[in-house]
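Dear colleague,

Please find the structure below, followed by a short account of two of its residues.

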Amino acid sequence: MKTLEQTQSWPAGNVSAAVVTADGTVLASAGHQDKRYPLASVTKLLTAYAFQVALEEEAVALDDPAGPEGSTIRHLLAHTGGYDFGDRTVRYEPGTRRLYSNAGFEVLGEHLEEATGIAFEDYLSEAVLTPLGMKDTSLDGSPAAGAVSTAADLSRFAAELQNPRLVSANSMAAATSVVFPGLDGVLPGFGRQKENDWGLGFEIRNGKSPHWTGQSNSPRTFGHFGQSGTFLWVDPELKAAAVVLTDRDFGPWAAEVWPVYNDALVAELGSS
């Protein structure tokens with residue numbers, strides 16, 4: 001695919017990219033597929049999926065209290081627990097505002113450890129990474145932003161998100177549907193969004209503008225980007241997913257080139 005070749009001219013030392021179809025086929029790739037990159041907040045997708053496994057195992061439940069008074073696992077996964085971005089200062093009543101929070105995901109990791117008696121990084125490995133063959137992925141820090149992975153491993157994960165084997169299709173559908181709809185908030189790097197929609201740990205594109213995906217990505221597109229210059233999206237309408245990892249931190253360069261790239265990729269996928 002010609003679009004992927006564009007990534008190699010981006011202003012970053014290294015860029016690894018892949019496109020994965022719903023049947024798990026890596027349709028195209030560019031750059032080193034086995035180079036390990038810090039994922040930053042793309043880590044949250046792995047954490048969210050580990051929670052889907054834990055929910056199906058009934059180790060936890062969405063309505064379990066977690067975080068500030070009145071907050072639950074559901075609130076924290078959907079960034080409505082009320083925590084500040086980086087610490088556990090409570091800014092809002094749970095469920096009233098979409099306040100994107102690393103602190104909330106760190107509390108989620110602690111909650112799962114208490115519920116299972118297993119360190120979160122071990123649970124993630126046993127529940128998600130090992131079954132999917134993600135041998136070059138590890139959680140070396142926070143459940144919010146501490147994972148390291150490769151394009152090859154994230155392609156395996158992107159295939160799972162499209163055609164889940166570790167959780168039910170119903171669980172995946174619930175995780176990628178809007179939770180607490182109608183809440184506004186700031187999408188980091190892209191400003192205030194009137195309806196800043198999220199599922200259970202998965203950001204949902206809907207009608208957000210500006211946004212890091214393309215304008216032609218369907219409203220059902222879900223995924224995440226990271227401040228380390230990384231992103232993963234799944235577009236159910238296209239029946240395809242895109243993975244991009246770079247070694248340059250997110251900034252104006254990414255906000256400029258990513259949407260253009262994604263629009264070109266959607267167009268190429270649509271014509272194939």
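Leaving aside its neighbours within four places in sequence, which residues is Ser228 in contact with? They are Pro38, Leu39, Ala40, Thr246, Arg248, Asp249 and Phe250, where contact means heavy atoms within 4.5 Å.

Please note that this is a predicted model, in which local features need pLDDT of at least 70 and side-chain atom pairs count only at pLDDT 80 or more, while totals for chains, interfaces and linings use all residues. Residues are numbered from 1 along each chain as its sequence is written, and side-chain values use heavy atoms, with hydrogens and water left out.

Ser228 is found in the loop that runs between strand E9 (222-226) and strand E10 (230-235); strands are DSSP runs of at least two residues, numbered from the N terminus. Ser228 counts as buried because its relative accessibility is 10%. Buried means under 20% relative accessible area and exposed over 50%, with a 1.4 Å probe and protein chains only. A polar atom of the Ser228 side chain lies 2.7 Å from the backbone oxygen of Pro38 and 3.5 Å from the backbone oxygen of Leu39.

Asp140 belongs to the loop between strand E4 (138-139) and strand E5 (147-149). With a relative accessibility of 55%, Asp140 counts as exposed. Its side chain makes a polar contact of 3.0 Å with that of Ser138; a polar contact is a pair of N or O atoms within 3.5 Å, one able to donate a hydrogen and the other to accept it, and residues adjacent in sequence count only if both atoms are side-chain atoms. Not counting residues up to four places away in sequence, Asp140 touches Arg36, Gly146 and Val148.

Yours sincerely

Note on methods. Helix = DSSP H or I, 4+ residues; strand = E, 2+ residues; numbered from the N terminus.
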